Amino acid sequence: MTSSSTVASYGLTIANTWDDIDNSAVWQDRIFHTLAGLCGAVAAVALIQLIRIECRVPEYGWTTQKVFHFLNFIVNAVRSIVFLFRRGIQKIRPEILQHVLLDTPALGFFTTYALLVLFWAEIYYTARAANTDGLRPTFYTINGVIYAIQIALWLVMWWKPTQVVLVLSKIFFAGLSLFAALGFLLYGGRLFLMLQHFPVESKGRRKKLQEVGYVTAICFTCFLIRCIMMCLNAFDKAADLDVMNHPILNFFYYLLVEIIPCALVLFILRKLPPKRGITQYHPIH
């Protein structure tokens, strides 16, 4: 009984501490400013890597690798600014502008990592001597449809701000995250298996195998966590991420689904392209 009482007392103490932090304006600002600093650091790393790649191969224009790092920079920089001014954003009226500012980086995050899936799909189908002409138009079409749906949801939310529309918007993001997770599982898995069965054993092959395996696991996991959290966010007010008084939840959520995955992927994909003979990097038209 004594042991049970001690555990219960300890659990109550943690719960009270959590509530105290959530309801403290000082701690709210500290946590959101910490998130702003972390996102800013990731944005700086992406920008530095983009500059290094451009200095290495300026003659190849906007390759997939350059665009990927540029989008990482933009998404994390915007997210950093949003976190830095989070308290002010909470007071913006009409309320729809809050949703636009909070949701736009998430859309950019999806596009950034969907581009990586596209790149892997191109490598996979090219290696199998299949036609890849339809991949990029499909990528642009899917992103166009997704942004159009989200804009339509914002307009409906502005015109008639009801709980149903808000839930639909969050479920849309959950579905988007699941779609991205399955994309990484499908094309990351296919590319991993293809490299695994590649007949020539080499150091480069082993490194590429590890690279694809790690990035697939990281991105699949982060998008799956995002999907689950968005579902909880839609139906459980205790899991609401769009409010100031849930700073601890926001901290762990963004740490797990954006900051750590971005940092790890940028680290894994840090290798610069060779100066000559690049055949795997495709310009964005």
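This is a predicted model: local features need pLDDT of at least 70, side-chain atom pairs count only at pLDDT 80 or more; totals for chains, interfaces and linings use all residues.

Started with the second largest cavity: Ala106, Phe109, Phe110, Phe173, Leu176, Ser177, Phe223 and Arg226 line it. For the record, my search runs on a 1 Å grid over the protein atoms alone; a cavity is a set of points where a 1.4 Å probe fits but cannot get out, a pocket is an open set with protein on both sides within 12 Å along at least five of seven lines, and lining residues have an atom within 4 Å of a point. The elements giving two or more residues to this cavity's lining are H5, H7 and helix H8 (203–235). Its volume comes out at about 50 Å³. Volume here is the space filled by probe spheres set on the points, with grid points joined across faces, edges and corners. Over the whole structure I get three cavities of 30 Å³ or more.

Residues are numbered from 1 along each chain as its sequence is written, and side-chain values use heavy atoms, with hydrogens and water left out.

Next, the fold. I count nine helices and zero strands in the protein, taking both as DSSP runs numbered from the N terminus (helices: H or I, at least four residues; strands: E, at least two). Among contacts (heavy atoms within 4.5 Å) between residues at least 6 apart in sequence, 76% join residues at least 24 apart. Of the 285 residues, 44% count as buried; buried means under 20% relative accessible area, exposed over 50%, partly exposed in between, with a 1.4 Å probe and protein chains only.

Residues 171–193 are 100% helix and 0% strand, with end C-alpha atoms 32 Å apart. Residues 251–269 are 95% helix and 0% strand, and there the end C-alpha atoms sit 25 Å apart.

Then the second largest pocket, which holds about 330 Å³ of space. I find 17 residues lining it, with Ala114, Val117, Ile142, Phe179 and Tyr187 nearest its centre. Helix H5 (96–127), helix H6 (135–159) and helix H7 (163–196) each supply at least two lining residues.

Which residues does Asn143 touch, not counting those up to four places away in sequence? I get Phe110 and Thr111. Asn143 lies in helix H6 and is buried, with a relative accessible area of 8%.

Ile31 next, in helix H2 (residues 25–56). At 12% relative accessibility, Ile31 counts as buried. Leaving aside neighbours within four places in sequence, Ile31 contacts Ile21, Pro247, Ile248 and Phe251. The C-alpha atoms of Ile31 and Phe83, 52 residues apart along the chain, are 9.1 Å apart.

Last, the cysteines. I find zero disulfides, a disulfide being a pair of cysteine sulfur atoms within 2.5 Å. For Cys222, the nearest cysteine sulfur is that of Cys219, 5.4 Å away. Cys222 counts as buried at 3% relative accessibility. For Cys262, the nearest cysteine sulfur is that of Cys222, at 7.6 Å. Cys262 is buried too, at 1%.
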